[in-house]
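Here's a quick briefing to read with the model open beside you. Take a look first, then we'll go through it topic by topic.

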Amino acid sequence: MRARILSLRKNIISIVTQRHYGKPPRCDAHMNELPVPCGPWEPWYTAKQNLYNKFLVVGILWWLFSLGMVIYTDSLFFNWGPPLNPGPPSDMVEECDDSDS
């Protein structure tokens, strides 16, 4: 049993060394692989923020337009005030009897 384990170990080692012969077995990522900026950061950052601000303004304007169209077309009832047509006078309404008899 021990001979089988040792031969298996030798086979694995030979396969690994054949694969990585002349190369390091593993190359982990490190900070040297990150891109390095070649100019000042402020113009790029300002351009990005201008783009984001334009998207924000367009989104707010679109939301306001949509809300205005909902109010204009009476698509939703917001219940912002009392109803325009009040209920009937109290002398026209019958009292209901809640007794169980």
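What volume does the largest pocket have? It comes to about 230 Å³. Keep in mind that this is a predicted model. The protein chain has 2 helices and 0 strands, and of its 101 residues 0% count as buried.

**Overall surface**
- The protein chain exposes about 10800 Å², with carbon and sulfur atoms supplying 64% of that area.

**The largest pocket**
- Its lining includes Val 70, Ile 71, Leu 76, Phe 77, Phe 78 and Trp 80, and Gly 81, Pro 82, Pro 83 and Leu 84 are also among the lining residues.
- By type, the lining splits into 9 nonpolar, 2 polar and 1 charged.

- Asp 74 sits in the segment after H2 and has a phi near 55 degrees, a positive value in a residue other than glycine.
- Asp 74 counts as exposed because its relative accessibility is 63%, and the cut-off for exposed is over 50%.
- Asn 79 also lies in the segment after H2, and its phi is positive at about 60 degrees, although Asn 79 is not a glycine.
- With a relative accessible area of 53%, Asn 79 is exposed.

**A nonpolar patch**
- Leu 56, Val 57, Ile 60, Leu 61, Trp 63 and Leu 64 make up a nonpolar patch on the surface, and together they have about 620 Å² of accessible area.
- Trp 63, one of the patch residues, is found in helix H2, which covers residues 42-72.
- Trp 63 is exposed, at 53% relative accessible area.

Note on methods: Residues numbered from 1 in each chain as written. Predicted model: local features only at pLDDT ≥ 70, side-chain atom pairs only at ≥ 80, totals over all residues. Heavy atoms only, no water. Helix = DSSP H or I, 4+ residues; strand = E, 2+ residues; numbered from the N terminus. Buried < 20%, exposed > 50% of the residue type's maximum accessible area, 1.4 Å probe, protein only. Areas by Shrake-Rupley, 256 points an atom, 1.4 Å probe, with all protein chains shown as cover. 1 Å grid on protein atoms, 1.4 Å probe; cavity = no way out; pocket = protein on both sides within 12 Å on 5 of 7 lines; lining within 4 Å. Points joined across faces, edges and corners; volume = space filled by probe spheres on them. Nonpolar A, V, L, I, M, F, W, Y, C, P; charged D, E, K, R; others polar. Patch = residues over 30% accessible without salt bridge, like charges linked within 9 Å, V, L, I, M, F, W, Y side chains within 5 Å. Salt bridge = Lys/Arg side-chain N within 4 Å of Asp/Glu carboxyl O.
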